[in-house]
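User: I would like to go through this model with you. Please start with the pocket.

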Amino acid sequence: SDMPHGWRYSYNERGTPLHSFEIEYTGLSDADLQTLKDFWIARGGAYEEFTFTDPDTTTVHTKCRFVGDELTAVRQNYNENSVRFVIQEYV
């Protein structure tokens with residue numbers, strides 16, 4: 001980016017893009033929801049990295065974090081919950 005005052009800003013371009021995964025579970029049992037919450041808490045929410053396997057391509061991404069400060073679940077029925085969150089790969 002060339003600025004009017006003469007400075008130039010440039011950034012390295014990555015050879016492979018970083019990935020972002022929007023995950024949505026519906027019909028999640030109370031036990032499965034608790035497992036997910038426990039994992040979230042153990043990671044400190046978006047603080048600690050973890051490994052994530054892309055469910056579509058089975059590619060393993062070793063440096064991922066949750067995006068956001070909250071994991072919000074909606075109780076749809078007895079033993080039936082939905083949750084939506086984003087996982088993002090980082091450098």
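Analyst: The largest pocket is lined by I23, Y25, L36, F39, F50, T51, F52, P55, F66, F85 and I87. A pocket here is an open set of points on a 1 Å grid over the protein atoms alone, with protein on both sides within 12 Å along at least five of seven lines, and lining residues have an atom within 4 Å of a point. This is a predicted model, in which local features need pLDDT of at least 70 and side-chain atom pairs count only at pLDDT 80 or more, while totals for chains, interfaces and linings use all residues. Residues are numbered from 1 along each chain as its sequence is written, and side-chain values use heavy atoms, with hydrogens and water left out.

User: How much space lies in the largest pocket?

Analyst: About 150 Å³, where the volume is the space filled by probe spheres set on the points, joined across faces, edges and corners.

User: Which element gives the largest share of the lining?

Analyst: Strand β2 does, with 3 residues. Strands are DSSP runs of E of at least two residues, helices runs of H or I of at least four, numbered from the N terminus.

User: How does the lining divide into nonpolar, polar and charged?

Analyst: There are 10 nonpolar residues, 1 polar and no charged. Ala, Val, Leu, Ile, Met, Phe, Trp, Tyr, Cys and Pro count as nonpolar, Asp, Glu, Lys and Arg as charged, and the others, Gly among them, as polar.

User: Turning to C64, is it buried or exposed?

Analyst: C64, in strand β3 (residues 60-67), is buried, with a relative accessible area of 0%. Buried means under 20%, exposed over 50% and partly exposed in between, with a 1.4 Å probe and protein chains only.

User: What does C64 touch?

Analyst: Beyond residues up to four places away in sequence, C64 touches E48, E49, F50, F52, I87, Q88, E89 and Y90, contact meaning heavy atoms within 4.5 Å. C64 is also the bridge partner of F50.

User: How do β2 and β3 run, and how many bridges join them?

Analyst: They run antiparallel, joined by 3 bridges; two strands pair if DSSP finds at least two bridges between them. The two strands form a hairpin with 6 residues between them, and T58 in the turn has a positive phi of about 60°. β3 also pairs with β5, in the antiparallel sense over 4 bridges, and F66 stands opposite I87 in β5.

Definitions and conventions:
On a 1 Å grid over the protein atoms alone, a cavity is a set of points where a 1.4 Å probe fits but cannot get out, and a pocket is an open set with protein on both sides within 12 Å along at least five of seven lines; lining residues have an atom within 4 Å of a point.
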